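Subject: Structure for you to look at

Hi there,

Here is the structure I promised to pass on. Please open it alongside this message, and my notes follow just below.

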Amino acid sequence: MRAVDGASFCVARAEVCALVGESGCGKTATALALARLHPEPPALYPHGTVKVGGVSVLDASPQTMRRIRGKRIAYVFQEPGTALNPVVTVGKQVAECVRLHRPGMDPAGEGLRFLSMAGLGNPDRIWRCHPHELSGGMKQRAVIAMALACGPDILVADEPTTALDVTIQAQILELLARLRKELGMAILLITHNLALVAEMADSVHVMYAGMIVESGPAPSVLARPAHPYTAALLRAVPRLSRRHDSPGARLRGIPGSVPDPSQRPEWCRFAGRCDGETARCREAAPPETRPADGRTVRCWHALGAEGGSR
Amino acid sequence: MTPAAPPALLEARAVRAGYRAQSGHTAMVLHDVDLRVGEAEMVGLVGESGCGKTTLGNVFAGLVALSAGEVRFRGNLLRAPGMPRSRRSEVQMVFQDPNSSLNPRHTVGGILSEVLRVRGMPPMLISRGVARPEAGAAVLLDAVGLPAACSSSYPHELSGGQRQRVGLARALAAGPQLIVADEPVSALDVSVQAQILNLVGALRDEFRVAFLLVAHDLAVVEYLCDRIYVMYAGRIVEHGPARRVLASPAHPYTEALLSAVPDVDRGLTERSRGNAAKAARHAWKGEAVEPSVSDDGCPARNRCHRAEARCASETPPLLEVVTARSSACHFAAEILAGNACEVNHPASGDVNP
């Protein structure tokens, strides 16, 4: 089964790149492949390459991988509770990262510095806490501190704020934006929340059924989606500033669900859920086209750059 | 401008409720909460995790006892201290996670017809000429947009969105006048959320059921709700018509919530103006406050961007700011005036000449 099928993208230094799509589209599978975090076996990487800072990941030795994981590419996941060891104090966990990834540095002193860099107000107190004594937002900051202690070039943030309250979510997003600016760290943001993409991503890749179906600069993709799937995702979220009174402004869900990886059709994978489907869509898979301004799209009937009528 | 308020269906007055710790100490979670839901009205209840919104919904449904105050239903006492916490057909619940709220060993048809057998056939089904529980289950499945074949499925065979539809059908089976829906879409995928939200709106219209929608997503509340209550640390800090409150809030916490919610349109606008997104945000500092902490002064003062010395000594009461809108802030009138000026659609009607 192909969880990810020919996804190509590039994240530049200090860039915020977003990967969006419904659950089961392959966003997390893609992100984990970047540092070969899928257990092998069963995971296989039959085609393609992943380069992190020029080093090819998929054929690297275990020793090389140990140097890449954490140091080059670090991860922050949705549920900070499961990313922390419940029986070890936060301080020890951060210090361990410093010891392993920054040899020669003082684990305690540096560790405290990373905790405060992650926006934890009272690092000395937090240092002695066990994870259960912290709130969700504080735990996520501790996880970010551990990631920072590794000094990564790219931080993969997989739904980093989905489990958090909106006010805390805003704080964490501001922290990520600040770290990117101050440290020049790139961020691969994995989310289903298009509003996060609109607010902080430079580029966006929309995934559907294991494939990237549309990519480009985030503002242009969200303002003028070319793929019907992107347009459908945008229509499915209620927006605060929109008036939903008129019938045309009603939310529209996307009927059906993402096809199972074992039952993906030979033709366009969005066929059957798409409202602009024609006979051609079930004849062959649409090739990737490049309409304009750094965008790519996989659709036989890509919506016009003016936004189309949909 | 505001349509006449529908007659009261549920009225909560000065409700207090809390949980007793093993030490015997009671942590009070709700502090003198007043809330009203009209007939067939869609009311939103928002606030951060731990502010007491789920506890309040549970008080209405009879899942949590209240320690002071009263809840009336159509004028009759429904909940009061010392009253048995009987589950009532009139008030039903839909929970966040349909996986854990449906019995995995029963078929969907079994889940629905059991309610009909135990509670009796509700008037809305009798008026549709339904007599047998199995026939009632089929009508309910159709009402929530599920194919009749689902009747013989087990919950695990359904998708998350389908399961939440079953959750709604189960609540409807008791013939309620009020459904407390606690975060009904937050466990669902974006593409499915819209379908469930539209279904909730349709069920309200079809069965004239009122909804208390407990949510943290302000856009969801604005999309569906007639009125909104904003809760902070176990107290209602602002309420009023949903559109007006969210277009021009009169409490700093509502302002902070609104500016914290990421929004596609605002994100794009701010960036096209060259602003770093979120530059104009009212940061709400620090972590959530325990509702059980109670002293003089405003419970929000330590995190508030407008707090002054007065806020530490005087607890602001919940007072009417303009018709149909109340706020528990010393500076409610100034905040409302400031926000109302920024609103670019004058139809919101909050500016009193």
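Predicted model: local features only at pLDDT ≥ 70, side-chain atom pairs only at ≥ 80, totals over all residues.

For chain A the mean pLDDT is 87, with 95% of its residues at 70 or more. One stretch to read with that in mind is residues 305-310 of chain A, where pLDDT stays under 50. The model has eight contacts beyond four places in sequence for that stretch.

Chain B is divided into two parts: domain 1 covers 104-174 and domain 2 covers 249-344. Taken over C-alpha atoms, the centres of these domains of chain B are 42 Å apart.

Now to where the chains meet. On chain B, 38 residues are in contact with 38 residues of chain A. Helices α7 (190-207), α8 (218-224), α10 (252-260) and α11 (264-272) of chain B each supply at least two residues to that side. The most comes from α7(B), with eight residues. By class, the side of chain B that touches chain A has 19 nonpolar, nine polar and 10 charged residues.

Within chain B, have a look at α3 (residues 108-119) and α6 (residues 160-173), which pack at an angle of about 20 degrees with their axes 8 Å apart. The two helices are therefore roughly parallel to each other, and α3(B) passes α6(B) in a right-handed crossing. From α3(B), Val108(B), Ile111(B), Leu112(B), Val115(B) and Leu116(B) meet Val166(B), Ala169(B), Arg170(B) and Ala173(B) of α6(B). Eight residues of this contact are nonpolar, none is polar and one is charged.

Best wishes

Key:
Residues numbered from 1 in each chain as written. Chains lettered and ligands numbered in written order. Axes fitted to C-alpha atoms, helices over the stretch in contact; angles between N-to-C directions. Helix = DSSP H or I, 4+ residues; strand = E, 2+ residues; numbered from the N terminus. Parallel < 35°, antiparallel > 145°, perpendicular 65-115°, else oblique. Left-handed = near helix turned anticlockwise from the far one by under 90°. Contact = placed C-beta atoms within 7 Å. Nonpolar A, V, L, I, M, F, W, Y, C, P; charged D, E, K, R; others polar. pLDDT = per-residue confidence, 0-100. Domains from an automatic or database assignment.
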